[in-house]
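Have the sequence and the 3D view ready, and let us walk through a few places in this protein together.

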Amino acid sequence: MSFVTLGALLVALLVGAPVAAHLLRRRRAEERPFPPARLVPPTPPTARRRSLLEDRALFATRAVSVLALAVLGATPLLRCSHLSLSRRAGASVALAIVVDDSLSMRARPGSGGGDRAERAGASRFERALTAARELAGGLAPGDAAALVLAGAPARVALASTTNLAAVTEALAAVTPSDRATDLDGALDLARDLLRGLPQSDKRIVLLSDLADGAPGAPPISGTPDIATWVPLRELEAAGEDCGIVRADRSSQKARIRVVCTAPAAAAPGPDAPAAERDAPGAERDSSAAAPATPAAAGASAAAGRSLEVRAGDAVIGKVALDPALRAEELTLDLPSGTPELLIAALTGGDAIAEDDRAPIISSGGPLSIAVVVDPATTHVETGGPPPLEQALSALDLDAQIRPLPSVPEHADELAAHAGLIVDDAPGFTPEVRRSLAAWVERGGVALLTLGQRAAAAPLGAGFEPLVPGVVRWSASPARGVDPATAGWLGPSAAGLTDVAPRGRATLGAEASEGAEVLARWTDGAPFLVRRPLGRGVVLFMTLPLSTEESDVALRPAFLSLLDGFVGAARARGGARRLAAGEMWTFDGYRDVKVERVRVDRGQGPAGREALPVAEVERRLRVSPPLAGLYELTLDGERSTRVVSVPEREIDLRPRRVAESARAAELGGMSASIDGSPYVALLLLALLAAELLLRAVGARREPAEARAG
């Protein structure tokens, strides 16, 4: 508030003038009858007493008038600002509002870490939502608006519409989540929603802290036909945070992964020693830690904090965090007789309080993927594991790779795995086929690559019911895959246009019946097929992984294929732990119920919250938005699972923004409606009321005098 504004408001102190005027007002002395006074000759009074407040209505009117005068004087100087768009010559606007609902948006601007992060105040998400409402309130008839949420995966909350009331309703339904951030995906969705609209002025407004885990990515900017505006610098991510991204239990040990942001003032140093601050019974995985310089360690969000394992209100294990901690897995010994439900919690405070606690359950282990590959036929000249195992390790998909010499013959041996990859197997025996089919029908995901050995299966061996029909091997008339038919593989599908195949497997028409062809050769033959079987799914590819047969294992699209395969295994329940925003898919189930178990401050169950189960393409799906403990009921069978915090959300380094996305001509803060006319009308009404009250009072005094 400026000095001039303060001076204008100080006029309100003149409200004391009516008080003094009424208290100092003199009136005729009150007369009381005194019988002996009749014997004394009357004498004119020489003094009058001061009166108390008598005409309260008149006094109130005058006091309110003085206050209104002060407000009227200060109103032109006050600016209640809100976010608004700048229009080009008053033309209609097609607007896409992108609101970031990821975990990092729960931080409060200027919190700076420490216990101050939990103080009262609006979070970045709340400020972004307020700005979105301000923009929606400034839309005019003829404008079009859309709403996109930038929490991964990016979603369309409201398609482009001219119904401005629908925009307000859609914003009211937006809630914060623990998802990762997908800025690029959200901006792509927003551009798709705006293209084709009749308005010539098309804009995207990005309300985000810009912390998407990729600070080195290209700066955010618009396109020639659609401008991108990033208006609020106050939302930009800052501060430091530590979070628990994984908490597993096996036997009498708890393994908890803690990740902290690196201080902006200092970069990690490769030779700095880690401080030894572990409590007895605690172990550290030094290979997972990224040490930092002592200067950086002093400013770290981990300094002075501890990791505790709690059972109810009791702390059953504790270890101090290394001040230089960046990413580390801590192991704590658990005493015998500990309950099933435990909570891992970080002491102290930081920028985001919601990622400082996580449930620990024994079923939270990583995804298990079994791999059956013959190293003699599938290898690389540089040595090392087969390309398949190297690719899975490079993707870092939080999955345990289990190489097997052959496919197990018993379903019990397969039950421990969520996914199975078999490269160019020479068919399966009847026992193996029965075991595999039973495992897939219960929710397993299998990937089979078919090559020359698969076509030469011995008598009695085959692939049914996994791959119906006969597999044949022949020369390939096509050099690669048609990218237009391989959308499942993403943008990298363009790299499969020439994979130099020495041959390919051909399948009968029955192999594609009831299945989905995910990619085709340029001549139209199936390249990658997905076939549902019970509650699981079988994917088969008509090329083996051997580098001598083709280049498919050396192309980026192969990594996309493995990523999709592992994602399918995780979504179908193979993973007991899922990152917030990812999806469970329940094929083959009829009755699905998913509930989030809320845990109170005392670390005990405090209620349940049911999640909606959506049916997409005749498949039941659930996407949990919040981290925590979940209970699933699948056709009457109950199981407990955990949703964790995405690790990249702990990185609070903001993405760069191009100067064009901050341009003043796109919009800015503008003043609200001036209230001076309304205050002036109030003053006129108060003046009329005062005149009326004075007139009534003037008539009343002579009447009282005559009565006296």
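Does P218 count as buried or exposed, and what is its relative accessibility? P218 counts as exposed, because its relative accessibility is 55%. Here buried means under 20% relative accessible area, exposed means over 50%, and partly exposed lies in between, with a 1.4 Å probe and protein chains only.

Before going further, note that this is a predicted model, in which local features need pLDDT of at least 70, side-chain atom pairs count only at pLDDT 80 or more, and totals for chains, interfaces and linings use all residues. Residues are numbered from 1 along each chain as its sequence is written, and side-chain values use heavy atoms, leaving out hydrogens and water.

**A loop residue and its contacts**

You can find P218 in the loop between β5 (201–207) and β6 (227–229). Helices (H or I, at least four residues) and strands (E, at least two) are DSSP runs, numbered from the N terminus. Leaving aside residues up to four places away in sequence, P218 touches R655 and R656; contact means heavy atoms within 4.5 Å. P218 and A658 are 440 residues apart in sequence, yet their C-alpha atoms are 9.0 Å apart in space.

**A helix with two faces**

Now turn to helix α5, residues 164–172, where the buried residues are A166, V167, A170 and L171. They lie on the same side of α5, because they cover an arc of only 135° around the axis. That arc is taken from the directions from the helix axis to the C-beta atoms. An α-helix has 3.6 residues a turn, so residues three or four places apart point the same way. On the face turned away from the buried side of α5 you will find the exposed residues E169 and A172. Among the elements covering the buried residues of α5 are α4 (124–137), β3 (144–149) and β4 (155–161).

**Charged partners**

A salt bridge is a side-chain nitrogen of Lys or Arg within 4 Å of a carboxyl oxygen of Asp or Glu. By this rule the count comes to 29 salt bridges. Here are three of them:

| Salt bridge | N to O distance |
|---|---|
| E234 and R127 | 3.0 Å |
| R246 and E329 | 3.0 Å |
| D551 and R555 | 3.7 Å |

E234 counts as partly exposed at 42% relative accessibility, while R127 counts as buried at 17%.

R246 in strand β7 and E329 in strand β12 (residues 327–333) also link distant parts of the chain, 83 residues apart. R246 is buried, with a relative accessible area of 19%, and E329 is buried at 18%.

In the pair D551 and R555, D551 counts as partly exposed at 24% relative accessibility, and R555 counts as partly exposed at 22%. Salt bridges can also join up: K593, E595, R608, E631 and R638 are linked in a network.

Finally, look for an open sheet of three strands in the order β25-β29-β28, with antiparallel pairing. Two strands pair if DSSP finds at least two bridges between them. Three bridges join β28 to the antiparallel strand β29 (residues 619–622), and V616 stands opposite R619 in β29.
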